[in-house]
Each structure stands twice: as structure tokens, then as C-alpha cells.
Amino acid sequence: MLISLSVLPGTTTLTSSALPDKLIFLIAIPVLGIGLYIIVSRSHIYFERVFKIYDNLNEVVEENLTGMRVVKSFVREDFEEKKFTRVSEAIYKMFLKAEGIVAYNMPLMQFCIYSCMLFLCWFGARMIITSGATALTTGELTSLIAYAMTILNCLMMLSMVMVMINMARASAERIVEILDEESTLHNCDNPEDKVNDGSIQFDNVSFSYIDDKEKECLKNINLIIPSGSTLGIIGGTGSGKSSLVQLIPRLYDVTEGSVKIGGVDVRDIDIYTLRNEVAMVLQKNVLFSGTIKENLRWGNKEATDEEII
């Protein structure tokens, strides 16, 4: 790093070639860079863990808000409060470790700054005493120190920016993870663009949400529903009624066997065409923002008032 200091016209011009400040900066910058790399790499691990624990915290909060009536009905406020406290403390402890590592950035920067200042003052004072004003004057030394301090302060700000980028990087990775997620449901090469009729056939169907044959919620289902007929399926909570119905519009793909509509495997029908022909009313209804009329037109945005009624 070369520093040139020019004062008023007619006075002397100082260049850093007369001082070993280049060597000082060449030593300080690698020390700062290595220290910053260690801080960033180690703290990033904890920031990644923090945001994963945040998922658990959001899950607990969501469950308590949506299931508030259930919590109060079974008098489980204390249990849910302890569960929330455990997750909060885990986040606090993880953040404490991450911030404890990041806190080393300031002492490291201050060490580099004041070490450089001490070396500059020492070398500058030696040159003034031994060589006199011909080599370096006191005013020129003061100006050199001011310029060096400005450069080092900029490096300190840069190091703080790097630490903030490290924190943002953990958040960005979580966002990119969601954006890069691809659906496992795709159309085949030449999908059918129409549904022949409303007949439904389950042919030896087995299904698992995690593609694990040992944890199947449906197994060896064989069922034929003729077009125009009505079928009632009765079962306890968690017996797989909703899972069975959701295989028809291909919200999930079967693990084994096949589901056919109009004699055609749903995997061979265009997804948009298939779902446009299947109407579902689930037990948990959702109202979107807007009027009731707008919600009723979700099935057909061109429906008239008479059709809505």
C-alpha cells in the first residue's frame, strides 16, 4: 500500500517509500483477514442452527394460536408454556454462542489498528530523531498517522460488513432452499388432455407420505366407484380417509399400485385437466380474503349470481 501526502505548494512532499508502513500494512491485513475468516466460518455454523430452531419456535406458536381452544379445553397452558420456553432458551443459547464469536471482531480490529499506530509512531519518531527534518517532519508524521487511521477505520467498517453478510447468508440459504425446491409431481411425456368419465378405480394402492413401505397409511386398497354413484367411507381420525381422497386429483402420487379415472391412470392425465375435473370439499374449510361471492367463485370465476346461489 503506497500513501502519498502532498501539502501546500512550495512545501515538501512525503511518500511512504521513506517509511516501512507498507510492511506494517502487509502484516496487519493478513492478520485481520485470517482472524475475520475464522470468526465468520465458526459463527456461520451457529447461525444456521439458530434458524433451524426458529422453525420449531414458529411451529409451537402456530400450534398454540390455531389450537387455542383445545389447549384451554384440556388445561394444557402450563405444558405449552414450558414447551415454548424450552425452544426460546435453545435459540437464546445458540445466539449467545454465535454472538460470542462475532464479538471477537472488534478486539481483533482494535488490535490491528493500534498496533499499526504504535509501529508508525515508533518508526516515524526514529526517523525524525536520527535523520532530522530532512527525512521526516513532525507535521508529516502526524498527517501520515491520520491517513493511516482513516484507512484502518475503513477496514474496520469492512470487517463489520462481512460479519453482517455472514448473518444474512444463513437467512439467504434458507430462502434459496425453499425457492430451489421442486415438485415431485410432473406430467408424463404425452399426457391425456381430457377425462373420459367419472369412474374411479383404486388398483392395489399403497401410499406413504415419506415413501417408506414400513410407514404406509394406506395399504393394498382395491376399490371401484362407477360413474354417477355415491360412496360413503367411514373411519376414525387418522385412518386415511383424507389421504385416500387426495390421491384422486393427484395431490400426492401413490407409492404402489395405481389410481384410475375413466380407465386412465391419473399419472397419465394432464395435471391441470385432472384437477379441473375433480371438485373437493375438505373437512377443514379455508376462507380467502375477499367477499363470500369471490370465495364461491373459486371453482368457476365466470359463475353467475344464480349459479352461486
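User: Looking at this model, where does V31 lie?

Analyst: V31 sits in helix α1. Keep in mind that this is a predicted model.

User: Okay, and which residues form a nonpolar patch on the surface?

Analyst: To belong to a patch, a residue needs over 30% relative accessible area. Here the patch is made of L23, I27, V31 and F111, and together they have about 400 Å² of accessible area. Helix α1, residues 21-66, contributes the most, with three residues. V31 counts as partly exposed because its relative accessibility is 37%.

User: Next, cysteines. How many disulfides does the structure hold?

Analyst: The general idea: a disulfide is a covalent bond that links the sulfur atoms of two cysteines. This structure has zero of them. Take C116: the nearest cysteine sulfur belongs to C112 and is 6.6 Å away, whereas a disulfide needs the pair within 2.5 Å.

User: Is C116 buried or exposed?

Analyst: Buried, because its relative accessible area is 2%, and the cut-off for buried is under 20%. C188 has 28% relative accessibility, so C188 counts as partly exposed.

User: Now backbone angles. What is the phi of V75?

Analyst: In general, most residues other than glycine have a negative phi. V75 has a positive one, near 50 degrees. You'll find V75 in the loop between α2 (68-73) and α3 (77-102), and V75 is exposed because its relative accessible area is 65%.

User: And where is N204?

Analyst: N204 is in strand β3, residues 200-207. Its phi is also positive, near 50 degrees. With 36% relative accessibility, N204 counts as partly exposed.

Methods: Residues numbered from 1 in each chain as written. Predicted model: local features only at pLDDT ≥ 70, side-chain atom pairs only at ≥ 80, totals over all residues. Heavy atoms only, no water. Patch = residues over 30% accessible without salt bridge, like charges linked within 9 Å, V, L, I, M, F, W, Y side chains within 5 Å. Areas by Shrake-Rupley, 256 points an atom, 1.4 Å probe, with all protein chains shown as cover. Salt bridge = Lys/Arg side-chain N within 4 Å of Asp/Glu carboxyl O. Helix = DSSP H or I, 4+ residues; strand = E, 2+ residues; numbered from the N terminus. Buried < 20%, exposed > 50% of the residue type's maximum accessible area, 1.4 Å probe, protein only.
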